[in-house]
Amino acid sequence: MMKFYIGSGLKNCELVNYYSKMLEENGWKHTYNWAKNFKGNETIEDLIEYSKLEQDGIKEADVIIILLPAGRGTHIELGMALALNKKIFLCSATEEEFGIENTVNFYQLPSMVRLVGTADENIREIIK
């Protein structure tokens, strides 16, 4: 069974939950779904606890999925995944995220699997 973690910006909570549902329906295990916990009225103590759960989720995962556009925290998750030599999928609905105006230099690393398409298209590629 493949274990996965999904990093993304807060505005993508619904998309994170969709990817999670589809992957779990295909027998994959989500190591930690931060999007289910986020309420919008968190305290600093909540954020500290969430960050520990997210870090553990990344460590436990076989695959890290980054949904673009990403937030600040997502890039920290990406850095952890790189440091831990995890398989990383960068998923975007458009090529814009990978263009020189919007990209992050780490998105260009040869180890990154860049997927551009609908959520369903990207999920099919991840499952392959």
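Strands S1 and S3 (residues 63-67) pair in the parallel sense, over four bridges. Within this pairing, isoleucine 6 has isoleucine 65 of S3 as its bridge partner. The model is predicted. S1 spans residues 3-7 and is mostly covered, with four of its five residues buried.

S1 also pairs with strand S2 (residues 29-30); the two run parallel and are joined by two bridges. Here the bridge partner of phenylalanine 4 is histidine 30, in S2. Together with helix H1 (residues 13-25), S1 and S2 make a β-α-β unit that is right-handed.

**Aromatic pairs**

The count of aromatic pairs comes to two. They are set out below.

| Pair | Centre to centre | Angle between planes | Geometry |
|---|---|---|---|
| Phenylalanine 4 and tryptophan 28 | 6.2 Å | 55° | tilted |
| Phenylalanine 98 and tyrosine 107 | 6.2 Å | 70° | edge-to-face |

Phenylalanine 4 belongs to strand S1 and tryptophan 28 to the loop between H1 and S2, so their pair ties together parts that are 24 residues apart in sequence. Both phenylalanine 4 and tryptophan 28 are buried. Phenylalanine 4 thus takes part in the aromatic pair with tryptophan 28 and in the bridge to histidine 30.

**Loops on either side of H4**

Helix H4 covers residues 72-83, and the loop between S3 and H4 contains proline 69. The peptide bond from leucine 68 to proline 69 is cis, with omega near 5°.

The loop between H4 and strand S4 (87-92) holds asparagine 85. This residue is not glycine, yet its phi is positive, near 55°. Asparagine 85 has a relative accessible area of 68% and is therefore exposed, the limit being over 50%.

**Leucine 53 in H3**

Helix H3 runs over residues 44-60 and includes leucine 53. Is leucine 53 buried, exposed or partly exposed? Its relative accessible area is 29%, so leucine 53 is partly exposed; the value falls between the limits of 20% and 50%. The C-alpha atoms of leucine 53 and tyrosine 19 are separated by 19 Å, and the two residues are 34 residues apart along the chain.

Definitions and conventions: Residues numbered from 1 in each chain as written. Predicted model: local features only at pLDDT ≥ 70, side-chain atom pairs only at ≥ 80, totals over all residues. Heavy atoms only, no water. Buried < 20%, exposed > 50% of the residue type's maximum accessible area, 1.4 Å probe, protein only. Pairing = 2+ DSSP bridges. Right-handed = clockwise from strand over helix to strand, strands pointing away. Phe/Tyr/Trp six-rings, centres within 6.5 Å; stacked < 30°, edge-to-face > 60°.
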